[in-house]
Amino acid sequence: LPLAIRDAIVAQARAEYPNESCGLIVGDGPAAGGGLALRYEATRNAAASPYRYDIHPDDLYRISVAADDADEVIWGIVHSHTHTPARPSPTDIGLAFYPDALYLLVSLSDDEADATTGAPSLRAWRIVDGEVHEVVLT
């Protein structure tokens, strides 16, 4: 995951606190097929909530059409957890409709921060048919 994308995800999560933030990573191919992440597109959280996220439908449509027109794909779906670990919640799992994408979660919980740098925890997951598997980000 390019550092610029990671930095943008963390910056948005901090800026939108206390609500959850959300966004999409556009890639040159599906993450599940070895595609590469190209850029991060911040989106509005239509739920405007510290407990859940809902990518605004206008943002999802705009980004999806632009990616498709450029022969790109939704590589990752991102949101923050404000006080809990960067692990998919049961709600997150139930709303995982993109099996070829990664689900990236950033935790703003102090308990989850890197002990050395203080950086928020950012983790990636594949969620397929309710099964959750962590993917190591490099």
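In α2, the residues Asp-59, Ile-63 and Ala-67 are buried (buried means under 20% relative accessible area, exposed over 50% and partly exposed in between, with a 1.4 Å probe and protein chains only). They sit on the same side of α2 because they cover an arc of only 55° around the axis, the arc being that of the directions from the helix axis to the C-beta atoms. An α-helix has 3.6 residues a turn, so residues three or four places apart point the same way. On the other side of α2 you will find Pro-57, Asp-58, Tyr-61, Asp-68 and Asp-69, which are exposed. The buried residues of α2 pack against β1 (22-27), β2 (37-43) and β3, where contact means heavy atoms within 4.5 Å.

A word on the source: this is a predicted model, in which local features need pLDDT of at least 70, side-chain atom pairs count only at pLDDT 80 or more, and totals for chains, interfaces and linings use all residues. Residues are numbered from 1 along each chain as its sequence is written, and side-chain values use heavy atoms, with hydrogens and water left out.

## Helix lengths, and α1

Helices (H or I, at least four residues) and strands (E, at least two) are DSSP runs, numbered from the N terminus. With 13 residues, α2 reaches 18 Å from its first C-alpha to its last, close to the 18 Å expected at 1.5 Å a residue; the expected span is 1.5 Å times one less than the number of residues in the helix. For α1, which has 14 residues, the reach is 20 Å, close to the 20 Å expected.

Buried residues of α1 are Ile-5, Ile-9, Val-10, Gln-12 and Ala-13. Their arc around the axis is only 160°, which puts them on the same side of α1. They pack against β1, β2, β3, β4 (102-107) and β5.

## The largest pocket

The largest pocket holds about 490 Å³ of space. Here a pocket is an open set of points on a 1 Å grid over the protein atoms alone, where a 1.4 Å probe fits, with protein on both sides within 12 Å along at least five of seven lines; lining residues have an atom within 4 Å of a point. Grid points are joined across faces, edges and corners, and the volume is the space filled by probe spheres set on the points.

Of the 24 lining residues, the closest to the pocket centre are Tyr-53, Asp-54, His-79, Asp-92 and Leu-95. At least two lining residues come from each of α2 (57-69), β3 (73-81) and α3 (90-94), and β3 gives the largest share, four residues. The lining divides into 13 nonpolar, seven polar and four charged residues (Ala, Val, Leu, Ile, Met, Phe, Trp, Tyr, Cys and Pro count as nonpolar, Asp, Glu, Lys and Arg as charged, and the others, Gly among them, as polar).

## Loops worth a look

Asn-45, in the loop between β2 and α2, counts as buried at 11% relative accessibility. Beyond its neighbours within four places in sequence, Asn-45 is in contact with Glu-20, Cys-22, Arg-52, Tyr-53 and Asp-54.

Most residues other than glycine have a negative phi, and most peptide bonds are trans. Asp-71, in the loop between α2 and β3, has a positive phi of about 60° and counts as exposed at 68% relative accessibility. Asp-129 has a positive phi near 50° and lies in the loop between β5 (121-128) and β6 (131-135). The peptide bond from Tyr-17 to Pro-18 is cis, with omega near 20°, and Pro-18 lies in the loop between α1 (3-16) and β1.
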